[in-house]
Amino acid sequence: MMDIVHKMGEGLGLFNISFEDWPCQFRINKYHFTPGTIGSPGVQLHTDSSFLTILQDDEIIGGLEVMKRCGTFEAVDPCPGTLLVNLGDIATVWSNERFLNVKHRVMCKETGVRVSIASFLLGPNEALVEAPEELVDLEHPRLFVAFKYKEYRSLRVSNKLHSGEALHRLRIES
Ligand SMILES: O=C(O)CCC(=O)C(=O)O
Ligand SMILES: [Fe+2]
């Protein structure tokens, strides 16, 4: 997890970044897909509020779909032996929008028990979430106010803004 985010930082020219105060969370999702649930969502469309997610998806039963920028869905079919990495809301803020969060959902397409294992790198416990100075200049003005991850989570949950819309409320007017 840390290797990936450090490499992502290096890709932006940042070699001295620390994610020390950033906790991880681990979750097992279990879906009981029956003939009656076919066609309905197992998980509604959402973005992850985290920085980064590593997903070990069910090797047999598919259902994960990623939304493209144009609004159409692309199925992510099972691929045994692989892990899927996707970016969440905090990656968008921290990178000053060089990285983009990804909307996704799980649709029930076949019957059976589907299991996925997700590891999230959340946002910092105490420090504010904000883009490092190196990613802010005249051509790339700061796009989001600094905020605490916990407050962002509450804003998302209490307003039911599960697809990253809460970020619009933290945007700096230009
Ligand atoms: O079960 C999956 O494939 C995706 C789960 C998911 O999107 C999540 O846990 O945030
Ligand atoms: Fe997710």
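Which side chain does a polar contact of 3.2 Å join to that of His-104? I looked it up, and the partner is Asp-48. I count a polar contact as a pair of N or O atoms within 3.5 Å; within protein, one must be able to donate a hydrogen and the other to accept it, and residues adjacent in sequence count only if both atoms are side-chain atoms.

Ground rules next. I'm on a predicted model, where local features need pLDDT of at least 70, side-chain atom pairs count only at pLDDT 80 or more, and totals for chains, interfaces and linings use all residues. Residues are numbered from 1 along each chain as its sequence is written, and side-chain values use heavy atoms, with hydrogens and water left out.

Then I checked the metal. His-46 (NE2), Asp-48 (OD) and His-104 (NE2) coordinate the iron ion (ligand 2) at 2.1 to 2.2 Å. Donors here are N, O and S atoms within 2.8 Å of the metal (3.2 Å for Na, K and Ca); water is not among the atoms, so the site may look incomplete. I noted the donor spacing in sequence as H-x1-D-x55-H.

Burial came next: Asp-48 is buried at 6% relative accessible area, and His-104 is buried at 9%. Buried means under 20%, exposed over 50%, partly exposed in between (1.4 Å probe, protein chains only).

Conventions:
Chains lettered and ligands numbered in written order.
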